[in-house]
Amino acid sequence: MRRVVYGQKLYYHDPQNDDFTHHSAPLNKKVDKDFRYEHRNIFFRAGSFLLYYLVAFPVLWVYCKLRYGVKVRGKKNLRAVKGGYVLYCNHTNVMDVAFTFVFATFPKRSLIVCSPNVVGMPGIRHIVKMLGALPVPGDLAALKQFMRMIDRKLAAGNAVVVMPEAHIWPYYTGVRDFPKTSFSYAAKNRVPAVPMSVTYRRPRGPFKAWMKPRVNITIGQPIPFDASRSAAENAQAMRDRTYQFMCENARKDNVALYEYIQVDHPVETTAQIKQLRRKHSGKTENV
């Protein structure tokens with residue numbers, strides 16, 4: 001085990017489209033009109049329920065507590081939400097999807113809007129689908145099914161999780177700009193948008209030199225649908241208040257593992273992560 005090195009430099013060009021994920025699964029199942037978003041098979045549904053509540057939740061709770069030292073603030077803000085809602089979170093860790101459904105939306109069942117690559121991973125694509133992965137559609141026919149699925153689940157009182165920044169920037173302590181597009185899910189269905197922020201604190205204890213920053217999760221006040229405004233106006237207001245909440249939290253107890261530096265030319269982002277892993281740990285590991 002090697003000491004964690006702070007201040008390592010990562011270079012980016014496009015803050016909205018550059019992605020620092022250091023592994024990428026090949027997409028071997030196109031998300032088109034033939035992709036099945038909802039399974040009515042009783043065995044699939046029963047297996048999904050058992051996997052979600054009896055396996056994934058306890059295992060991931062223990063893992064996230066031990067590996068990331070997760071602390072949660074603001075969970076009580078969700079008590080006032082009786083039906084469905086859309087939770088919006090920044091995207092700074094490969095495990096922040098687990099953070100959302102283990103520490104925020106649970107015990108409410110949630111679906112996670114994700115990249116098509118997630119459901120293309122050989123060996124585990126069926127597992128992630130059973131856990132609620134909802135891949136972004138690739139054509140109009142799939143889009144209609146995708147939106148119907150979201151509408152039905154929110155009407156049934158479930159939660160939908162969205163990472164509006166779209167791309168992972170490991171341990172990033174700022175907030176990247178994002179459009180109002182995904183906030184239409186909440187506005188169209190007249191349900192609250194719930195902002196959530198992942199920030200980082202310095203580790204403590206005798207092993208702190210070998211530990212990466214610990215995770216803080218802060219859940220904000222639900223942003224209700226305003227019936228006096230149009231759906232587009234609600235989406236914009238929800239986006240603006242969510243962005244403001246994330247920016248305010250980014251200024252609190254947020255320690256940087258990496259230093260992100262913008263350059264004026266395109267760069268290879270994934271290669272940088274791999275190089276840092278080899279240089280400082282001697283092996284590749286999830287960030």
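Leaving aside neighbours within four places in sequence, which residues is Met 196 in contact with?

## Around Met 196

In this predicted model, Met 196 is in contact with Leu 87, Tyr 88, Cys 89, Asn 90, Phe 99, Thr 100, Ala 104, Ile 217, Thr 218, Ile 219, Phe 245 and Met 246, once its neighbours within four places in sequence are set aside. Met 196 also turns up, with Phe 99 and Ile 217, among the residues with the most contacts inside the largest nonpolar core, which counts 48 residues. Helix α1 (residues 42–68) gives that core its largest share, nine residues.

There's another core apart from that one, with 35 residues, including Val 86, Phe 146, Phe 225 and Ala 250. As a rule, nonpolar side chains in soluble globular proteins tend to be buried together.

Strand β7 spans residues 193–201, and nine of its nine residues are buried. Cover comes on both faces: Ala 193, Pro 195, Ser 197, Thr 199 and Arg 201 are buried on one side, and Val 194, Met 196, Val 198 and Tyr 200 on the other.

Strand β3 (residues 85–89) runs parallel to β7, joined to it by four bridges; here Val 86 has Ala 193 as its bridge partner. With strand β8 (residues 214–219), β7 pairs in the antiparallel sense over six bridges, and Thr 199 stands opposite Asn 216.

## A nonpolar patch outside

Phe 49, Leu 50, Leu 54, Val 55 and Val 59 make up a surface patch with about 480 Å² of accessible area together. Val 59 sits in helix α1 and counts as exposed because its relative accessible area is 52%, over the 50% cut-off.

## Salt bridges

The structure has nine salt bridges. One of them brings together the side chains of Glu 38 and Arg 152, at 2.5 Å from N to O. These two are 114 residues apart, Glu 38 in the loop between β1 and α1 and Arg 152 in helix α4 (residues 140–155). Glu 38 is buried at 18% relative accessible area, whereas Arg 152 is partly exposed at 37%. Arg 40 joins both of them in a network of salt bridges.

Another one pairs Arg 239 with Asp 177, their closest N and O atoms 2.4 Å apart. It also links distant parts of the chain: Arg 239 belongs to helix α6 (residues 231–250) and Asp 177 to the loop between β6 and α5, 62 residues away. Arg 239 is buried at 11%, while Asp 177 is partly exposed at 43%. Then there's Arg 229 with Asp 226, closest N and O atoms 3.7 Å apart; Arg 229 is partly exposed at 40%, and Asp 226 is partly exposed at 29%.

Notes:
Residues numbered from 1 in each chain as written. Predicted model: local features only at pLDDT ≥ 70, side-chain atom pairs only at ≥ 80, totals over all residues. Heavy atoms only, no water. Core = buried A, V, L, I, M, F, W, Y, C linked by side-chain atoms within 4.5 Å. Buried < 20%, exposed > 50% of the residue type's maximum accessible area, 1.4 Å probe, protein only. Contact = heavy atoms within 4.5 Å. Patch = residues over 30% accessible without salt bridge, like charges linked within 9 Å, V, L, I, M, F, W, Y side chains within 5 Å. Areas by Shrake-Rupley, 256 points an atom, 1.4 Å probe, with all protein chains shown as cover. Salt bridge = Lys/Arg side-chain N within 4 Å of Asp/Glu carboxyl O. Pairing = 2+ DSSP bridges.
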